[in-house]
Amino acid sequence: MKLAIRELLRRPGRFAVAGSALTLIVVLLLLLGGLLDGLYLGSTGLLRAQQSDLVVYSEDARESIIRSRIDVDVRAAIDGTDGVAATYGLGTALLGARVPGETDLADTAVVGYEGAIAGVPEPPAPGQAWADRRLEAAGVGVGDVLELGPEALTLEVIGWVDDVSFLQQGALMVEPGTWREILASARPDATLPEGTFQVVGVDVAEGSDPDAVADAIAAATGGTTVALTVDESVLALPGVDAQNSTFTQIIGITLLVAGLITALFFAFVTIERTAQYGVLKAIGASSAQIYVGLVVQAVAVTAGAVVLGGLISVALASQIPPDIPLQLEPPRALFVAVGMFVTAVIGGSISLRRVVRIDPASAIG
Amino acid sequence: MTLALREIRRAKLRFGLLAGAVGLLVFLIMFQQTLLGTLLGYFTGALENQSGQVVVYGEDARRNIEGSVLTPDQVAAVAGVDGVAESGPLGQGTFTVRADGELTDAVLWGHTLGGPGSPTTLSSGRLPEADFEAVASSIDAGSGFGIGDTVSLAGDAVEITIVGLARDARFSVLPAMFVSYATYEAAVLAVNPDAPFVPATAALANPVDGVSPAELAERITAAVPGVDALDRATAVAELPGVSAVSQSFNLILLLAFVVVTLVIGFFFLIITVQKADAVTLLKAVGADTSTLVRSLLVQVALVTVAGIVIGGGLLQVASLGSSEEFPIEADPALVAGTGAIIIVLAALASIGSIRRVVRLDATAVVSRPSMGGIS
């Protein structure tokens, strides 16, 4: 083991090729993971923040919030269903907002809500909004008066809230009347009457089974609604499920590639040093000692790659424009580091067979 | 050359495995490129293959068709811009429809019949001539969007009959139906009777002779307040998701190319180190270094070409086995282009092995104790 570390310290250049390749892979893994996290968190914040147990959509919306519509009579039927403790209307409108002093429009989701959203205070007064902190990157500040839609309706930002973005748009949380007014102005074809929301959050009464309540709501509304749990509604957002599975597969393949490169490199190292290993065995070193040395070197090279790759990723992330949804999260970095170490150990272990088969007699020619 | 071929003949398994590994990686690269092309086509097809050469969005939409709205005044103003030969409103939206008895999502593409916005890749049937007729994306013909099928929405409030099919005409990875603008308006009002009116999503325009689409787009943006006009190619490239998908796939492709290079490089390095004694002996008995390097390069080339052939063959197999809904095409130009890049990368990857061969010292053969030398 000491020998392996000494070799690393005295001849670091020998490991540069594998180290560079692994560093590149760490950067790729972190950026891919960062993109996945950014896409997921940026799309789902509003739904993840729901404190309700269920989200009710109109059946013909096919679980799309934007196409869903819960009218007053349907809401009343939901309210009257056994097991429903409380309901909260919710609606969204995606549009650009003009920010004072900025030339570019900010991508926003105006969200009309009645409560029960984690980290968001009670709905503000008409014409005011709690703003998602991600809008700071677009130049929005507390006290700003934003102009929205073709009629330039105004919204005053009165404070920040965190992690409530929707479909990559920073949320402006407003009371329902303000939302309906903005929706009708920006999308006349999507105008909704007083009391109508796109979806309704449902608190299930204590002791009631959410699945049973969901079925009861569907029955009470004559099959015109579908109730999903919050987790199900997150995955029902367009692209979220596909994004998760695609990126997870890509990350898995990239880790396999890391293992392949480690295996090839240390197979090469083992073959190159067959003679030296023969000498070591001849003077009493065991196959296990040599193998452990190889694995230590694989782990050390990987550790260097993880540190260097992490620093490069952070530097790159700081230069990436804010409209690219890249979010480097500590749990993701930990996952990448653990994944890389596991693949390094497995990759390094591929040489075990070669090490065991080295004949000490080869030391004498 | 003879040396290289003889070695391959005597170690068929070893070189065969490498050619197989390279072949799999080449297949992965080409398959991803094909997948990317198909997927992007599904995202953008209807916009790319319609007759409007200039797309005019509402300024607030930030070039996102889903967020765009134009007032009737803006649509009328576009028609009056100098250089516009013809123009008209476009209504685009995603609707829950019933096709073949099943609820599904579909995109309506409402345009002025005979004006800009008509499908340009009609493969069978005819263009719509009246309201409530549609040309659908041909790939979805088997899912209730075939000629003669009726697609309904908002219960049965709106029924649309398919009269034609167009190639590469999906939009946002959904079935698309090219209908009259009035049909689109009827669909919106059926779904939301509370809508006071139905605004156009965008406007489409074609330039007069002598004016390019890009030039006309600039003129429209300058002349009509609150709009952002783009030529069709730019509008396609700016669609949400297109650049993100392209960038993600390109990143993966880059990684795959790096891996191919590393695999070839490491493999030949290992082989060179393994046979260092034999190569040293060859040098000692008079073999020229350039001959030995040539032999190495011949092996690299043969393995790489074999890998490309295997990869191309696998792509052909994949194309034969692909579904109608997601066809994979084995494009010879793609195989040739990718193959050329792989050959260049393989040549670069063999530099390490070449250096090893060049640096082997012929005198080492007599300094080995087992040959009576003093090390």
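Chain B is divided into domain 1 (2–43 + 242–371) and domain 2 (49–237), with bounds that come from an automatic or database domain assignment. The structure is a predicted model, in which local features need pLDDT of at least 70, side-chain atom pairs count only at pLDDT 80 or more, and totals for chains, interfaces and linings use all residues. Residues are numbered from 1 along each chain as its sequence is written, while chains are lettered from A and ligands numbered from 1 in the order in which they are written.

The C-alpha centres of the two domains of chain B lie 47 Å apart. Their contact takes 7 residues from domain 1 and 8 residues from domain 2, two residues being in contact if their C-beta atoms, placed from the backbone, lie within 7 Å. On the domain 1 side, helix H2 (12–48) and helix H7 (242–274) of chain B each supply at least two residues; helices (H or I, at least four residues) and strands (E, at least two) are DSSP runs, numbered from the N terminus. The largest share of this side, 3 residues, comes from H2(B).

Between the chains, 33 residues of chain A are in contact with 33 residues of chain B. Helix H2 (16–48), strand S2 (84–98) and helix H7 (240–272) of chain A each supply at least two residues of the side of chain A that touches chain B. H7(A) gives the most to that side, with 10 residues.

Leaving aside neighbours within four places in sequence, Val56(A) is in contact with residues including Ile70(A), Ile78(A), Val199(A) and Thr225(A).
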